[in-house]
Amino acid sequence: MWASPFVLRVRLALSLKGVSYEYVEEDLKSKSELLLKSNPVHTKVPVLIHNGEPVCESSVILQYIDEAFAGIGPSLLPADPHDRAVARFWASYIDDKLLKASSQASSGKTEEEKAEGAKQAAAAVETLEGALMECSKGKPFFGGDSAGYVDLMLGGLLPWVHVGDAVKGVKTFDPATTPLLAAWADSFGALDAVEPVMPEVGKLVEFAMAMMSQAAAAAAATN
Ligand SMILES: N[C@@H](CCC(=O)N[C@@H](CS)C(=O)NCC(=O)O)C(=O)O
């Protein structure tokens, strides 16, 4: 599903590793038998099918790709067990804190809920600025000289961060307040393996607008 940040994570990982694959677009309003069979628990995308076996959940898929294609391209996770644990910690933080707070900021039921989500998302971004300083050790990426697991977890969200910024007229990764993340976003977006895979922000804005008007129409119909 082209607009999914979770699908994007996987496409970015395969692109970075240089693994070729077949991309199958899924209509989430009318899920295919293949999806229902491959991910019967959540019936969500992405699903990676390798050697006929499905692997689900973007964070799990990224780790699978790193292990299953260890001989191809750069490693996504660091070699040192403690560094790997730190990378996994920040990857979970991105989903558990940043993503949850950002969803609340855009889809909270009340204005108060939205404001609280925005506050928590801003605090999570600040925390990630510190994480980037700790993990990158002066290099451009969470993975050091090259983009790795945490970069992909956050990088998949990047087009949606740009959409939110365009719609609200803000800068989530502001060079004035989070200079490392602002530079990271530029470096990540400019990678040869990344640029061709990223969806166009304009197309995503249109998609977001259509989703918002559909949600508003559905809410009006139930009131
Ligand atoms: N935690 C999952 C989230 C995946 C997810 O939410 N996918 C959405 C598309 S962005 C989906 O398939 N939604 C269909 C549904 O919920 O029925 C992951 O990281 O892979």
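How many residues does helix α9 have, and how far does α9 reach from its first C-alpha to its last? Helix α9 (residues 201–222) has 22 residues and reaches 31 Å, close to the 32 Å expected at 1.5 Å a residue. That expected span is 1.5 Å times one less than the number of residues, and helices are DSSP runs (H or I, at least four residues), numbered from the N terminus.

This is a predicted model, in which local features need pLDDT of at least 70 and side-chain atom pairs count only at pLDDT 80 or more, while totals for chains, interfaces and linings use all residues. Residues are numbered from 1 along each chain, and side-chain values use heavy atoms, leaving out hydrogens and water.

**Helix α9**
- Leu204, Val205 and Ala208 are the buried residues of α9 (under 20% relative accessible area, 1.4 Å probe, protein chains only).
- They cover an arc of only 100° around the axis, which puts them on the same side of α9; the arc is that of the directions from the helix axis to the C-beta atoms.
- These buried residues pack against α7 (158–168), with contact meaning heavy atoms within 4.5 Å.
- On the face turned away from the buried side sit Glu206, Ala220 and Ala221, which are exposed (over 50%).

**Nonpolar cores**
- The largest nonpolar core has 48 residues; such a core is a set of buried Ala, Val, Leu, Ile, Met, Phe, Trp, Tyr and Cys residues joined through side-chain atoms within 4.5 Å.
- Its largest share, seven residues, comes from α4.
- Phe173, one of the residues with the most contacts inside this core, touches Leu154, Leu181 and Trp184, among others.
- Apart from it lies another core of nine residues, including Val205 and Ala208.

How values were computed:
Helix = DSSP H or I, 4+ residues; strand = E, 2+ residues; numbered from the N terminus. Lists of a residue's contacts leave out its neighbours within four places in sequence.
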